[in-house]
Amino acid sequence: MSSAEPSLSFDHAVVTGGAGFVGSHLCDALVDRGVDVVCLDDLSSGRSAHIEHLLGRRGFRFIAHDVTRPWPRQADPAPDGDGRVLVAHLASAASPADYHRRPLETLRAGAAGTEHALAAAQRCGGRFLLTSTSEVYGDPAVHPQHEDYHGDVDPVGPRSCYDEAKRYAEALTTAHRRVHDTDTAIARLFNTYGPRMRPGDGRMVPTFADQALRGAPLTVSGSGEQTRSLCHIDDTVRGLLALAASGHPGPLNIGNPAERTVREVAELIRELAGSDSEIVAVPATADDPRRRRPDIGLARRVLRWEPRIGLEEGLRRTLARLQDPVGSAV
């Protein structure tokens, strides 16, 4: 199967949440392909350090803005109507530490934030790309998870502000397509990792990596037998670009189907870091999914996309950046 780089026909793009983990890497990829990019971010969970290297690049603009409020005129990607436009909506708290700290803001990003981004895509006749999440499947009764599975989500549980924000964003995107014929796409991202993740954001890879590098105990939630499927950021961005270029509406899973237990991931990170940290169990997280693995058959058929970077290689790259005080930011 070919997994060539997708050919993009976009001249302009707006990336909401463009100073975040995934968003900043997407900005990098678009700028590198000659696309003029407007990055919208209020820096509530993103970091200016993630985009500092882009500020001097031709065609890149950063606008500090809360996407739950109406967009400023200068944020519209092609005010003269010249060229094809991509509006990529990534603005949302994604780590447990962030969405537990700002639950109402997280829900607004999925609701008002998505509506404003869809309206911008409609105004300029552009393509709209929503980054949703595997969390829409909840604690799944179907394994691996395919796009036709409707999930098992607790709407009032401790993770509900994030899960339901994404589920609503998917519903709103779908309704906009039906009512206004907006050109939309929905990507469901499975656990993505790589450089620019914050050590304290509560997600597995940066937490274990930070602990191992400091010689601190690696804290595994519950039994550690729950599984995750980890996709390196470079593969995730390739998938997003391929979906944007395809014209397919989604929803479409983007993730790595190689499934590992949480304990196995902790052990591998400890080994790669050359650490002698012990692995200790801590109380299980409420509503923690027991299994997580994407069925990527649709992505393989429609996009001719699949991940290239194995877990060991991806973790080596991530640890190398964390050990480099400059590289960890970029």
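Rings of Phe, Tyr and Trp (its six-membered ring) pair if their centres lie within 6.5 Å; planes under 30 degrees apart count as stacked, over 60 as edge-to-face and the rest as tilted. The model is predicted: local features need pLDDT of at least 70, side-chain atom pairs count only at pLDDT 80 or more, and totals for chains, interfaces and linings use all residues. Residues are numbered from 1 along each chain as its sequence is written, and side-chain values use heavy atoms, with hydrogens and water left out.

**View A. Ring pairs join Tyr 137, Tyr 149 and Phe 190 into a cluster.** The structure holds 3 aromatic pairs. Tyr 137 and Tyr 149 are stacked, because their ring centres are 6.0 Å apart and their planes stand at 15°. Both residues of this pair lie in the loop between β5 (127-133) and α4 (160-180), 12 residues apart. Helices (H or I, at least four residues) and strands (E, at least two) are DSSP runs, numbered from the N terminus.

**View B. Tyr 137 also pairs with Phe 190.** The centres of these rings are 6.1 Å apart and the planes at 35°, so the pair is tilted. Phe 190 is in the loop between β6 (183-189) and β7 (192-193), so the pair ties together parts 53 residues apart in sequence. Tyr 137 is buried (under 20% relative accessible area; exposed is over 50%, partly exposed in between; 1.4 Å probe, protein chains only), with a value of 0%. Phe 190 is buried at 2%.

**View C. Arg 127 lies in strand β5.** Arg 127 is buried, with a relative accessible area of 0%. A polar atom of the Arg 127 side chain lies 2.8 Å from the backbone oxygen of Ala 244.

Terms used
Polar contact = N/O pair within 3.5 Å; in protein donor to acceptor, adjacent residues only side chain to side chain.
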